[in-house]
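Biologist: I'm new to reading protein models. Could you walk me through one?

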2 protein chains.
Amino acid sequence: MTTNERERDFTHLFSETVQETMNNAGYGSWRSISDPAAVSLSFGFPFPESFPNDELVASAEAVFEAEGDVALQYTGGEYASGLSGVVADRARDRGIDCEDDEVILTNGSTHAIDVVSQTFLDPGDLVVTEAPTFMGALSLFRNYGVDIEGVEMDADGLDVDALAADLEARESEGRPLPKLLYTIPTFHNPTGVTLAEDRRKRLLELAAEYEFVVLEDDAYGELRYEGADVPSLAALDDTGLVVRVSTFSKTIAPGIRTGWIVADEELAEEMRRINAGGTNTFTQGVVGRYCEAGLLEENVVDLRESYSERCAHMLACLDEYMPAGADWSDPDGGFFVWVELPEGVDAEEMLPEAVEEGVVYLPGHLFYPDDRGHDCLRISFSHVPLDEMERGIEALAAATRTATSVESTADD
Amino acid sequence: MTTNERERDFTHLFSETVQETMNNAGYGSWRSISDPAAVSLSFGFPFPESFPNDELVASAEAVFEAEGDVALQYTGGEYASGLSGVVADRARDRGIDCEDDEVILTNGSTHAIDVVSQTFLDPGDLVVTEAPTFMGALSLFRNYGVDIEGVEMDADGLDVDALAADLEARESEGRPLPKLLYTIPTFHNPTGVTLAEDRRKRLLELAAEYEFVVLEDDAYGELRYEGADVPSLAALDDTGLVVRVSTFSKTIAPGIRTGWIVADEELAEEMRRINAGGTNTFTQGVVGRYCEAGLLEENVVDLRESYSERCAHMLACLDEYMPAGADWSDPDGGFFVWVELPEGVDAEEMLPEAVEEGVVYLPGHLFYPDDRGHDCLRISFSHVPLDEMERGIEALAAATRTATSVESTADD
């Protein structure tokens, strides 16, 4: 299968959306942003010491001892099938009205978003997201040939008034209304901000009025370090239009690749029907046993403590080192801080200097469905040790100062 | 999220293909065909004693010992990333010209088929399959809003002359030509037959001439019990149009849900780009370690011996018990035997009587993209113990005799 054996151009064989997105730089290009010599603040990787290796091996042993071979069959055993119940129980604990059969287990939360997309989206549909939003979701939505509109955010999350005005204008002008709104309302990726409760209620009113699906991505919701809990959209919903996806990637480990969808039974039924291929019942059994032994709750308590310290440290370093003119978000949870650079500084253009100084981040424009975000960047406190984090922020500050002085010189 | 709290009809929110397929009985209805009191010959489940529980736990321990926390990170450790190399090595051992970066690991082979579908298929495209074919693939293709045409098979597999005639007619009449042909050439599901080598070559010529992708599903290819190996389509291909998918579900265990795609590098690059969400690196590490320790090769040798005995036993039972007028396939490998019932007997109509007699099978029409196959059924020798299998075939024979006598009476 080497290409030198033939002279065939495959382009016309690809689907339309693949052809349209083939040269789209936003598509996964962020994966290659790294430098071995620099501190990586780029990715939302959990810190490795948080992974419960021994507990997972012990769970695997316990599952095989209790269930034998059935744990490796297509259907899995009772620990695997019980995992939906664990998810439903934990959803109910958070005030979400949810039956066990309204849970669909998936191979991680991106797979969950994919199943939801396949259930609702046709080419040409309109999807609304926060601007900025999770770049993986943007790539995924682009696979469906939809139009994506990003609505501005502020320190209280999505600007629901701007959304309302946009919806009203679309309706009065006969322009397409959204089929689906994708939001990360709690400890948002990439900004770290949380949608205020009154805005949540207003968003749900808009969903009911204009009849669009609200896809709530709650990957970080359990990792709160400051402030009082805000109910999830699914907990506030009485329309059935909220579909909530989440994952064990941040609370146990990404490598177990196990997530879920919680949706109204009518929606869940169709999602289950079209969901191609099964899930990893081996891992589900291991995770089910881990959760039923109470280990998840213990782990989440430990994680909150560790991440809280990491978050506070990053914010303190930013305070200490960053030059005037830069600003950043103040997250109450999650993994990320969003930095706005001094006026005129472009995060992507600054990246080579930052790598030179010893830090890597993700430029902000990657998180926008359109050409915004060039003066912003995302950094994560989830992964590197505290001392490296400090060196990284010092390097970021140094690069920012250099870029700012170049910019002011250019302005002269 | 209970429906009695609101009066909302969600139907219009679903994507067009979901709406179109909402009441399609072929869609997963087979999952509910079972009866606790009857011998189940329905599903292609591996027999549970074949699962290497202890070896997988030992592999998990060895992975954590060697790699520590990285085994649970998004990227996985060296055993997980080495699994692509294991797959590529094994493909090369089977004569497939394949680089390591032409392998894409997936969450099982149905996920692999889904990625391939998303890469190539637009609504309204034509997909050609064998008739009959794997019902899971049919459901999956329907999600893409494509037209599906099933080409007849005989004891040597897909009738490539019929395919050639159809392609020629389509071209001369200006009707749509296929974008993709899906085939299970070796130990076909559901018939058990294997595509003859000369037909394989002819199929590849047709693919080159009419430029369609050949999606080769090789889930059962390693499980040969009789006869000489036939090269896989990927091994015979020099066009780059063959995309091969396979899985560890039959050679290790379904619960580990790990499969792969092997494709020309240009195709692989786009598939990798659009493939939403990662894979289960925890499981991949465990499987990688299992394979690198040489355990897979040992397991496949054992499996061939066990399944060979099971296959021979099922064929012997069919010979012994089935009434005249029934016919069945004579597989050299895989999991399935395809039974043609005596003239006029409908497999779906016969099912209640068969359950009464103590056996469950899958009616043949489930495996067709159109209204064919009513006089056929699929049985699997992969799962039940030999004595149960014999009772199941006795029951099948009894139900067939009853249905045949009813049919002859009706004819009078």
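Predicted model: local features only at pLDDT ≥ 70, side-chain atom pairs only at ≥ 80, totals over all residues.

Biologist: What is the phi of Phe187(A), positive or negative?

Modeller: Most residues other than glycine have a negative phi. Phe187(A) isn't a glycine, yet its phi is positive, about 55°. You'll find Phe187(A) in the loop between S6 and H7 of chain A; helices (H or I, at least four residues) and strands (E, at least two) are DSSP runs, numbered from the N terminus.

Biologist: And where is Glu211(A) found?

Modeller: Glu211(A) is in the loop between H7 and strand S7 (213-217) of chain A. Its phi is positive too, about 55°, although Glu211(A) is not a glycine. At 25% relative accessibility, Glu211(A) counts as partly exposed.

Biologist: Which kind of peptide bond joins Asn189(A) and Pro190(A), cis or trans?

Modeller: Most peptide bonds are trans. The one between Asn189(A) and Pro190(A) is cis, with omega about 15°, and Pro190(A) lies in the loop between strand S6 (180-183) and helix H7 (197-210) of chain A. In chain B, the bond from Asn189(B) to Pro190(B) is cis, with omega near 15°.

Biologist: How do I read helix packing, say at what angle H2 and H10 of chain B pack?

Modeller: Axes are lines fitted to C-alpha atoms, for helices over the stretch in contact, and angles run from 0 to 180 degrees between N-to-C directions. Helix H2 (residues 53-67) and helix H10 (residues 281-292) of chain B pack at about 105°, with axes 8 Å apart. H2(B) and H10(B) are therefore roughly perpendicular (65 to 115 degrees; under 35 is roughly parallel, over 145 roughly antiparallel, the rest oblique).

Biologist: How much of chain A is buried?

Modeller: Buried residues make up 63% of its 412 residues. The secondary structure of chain A comes to 13 helices and 14 strands, and its C-alpha atoms fill a box of roughly 70 × 60 × 55 Å along the principal axes.

Notes: Residues numbered from 1 in each chain as written. Chains lettered and ligands numbered in written order. Heavy atoms only, no water. Buried < 20%, exposed > 50% of the residue type's maximum accessible area, 1.4 Å probe, protein only.
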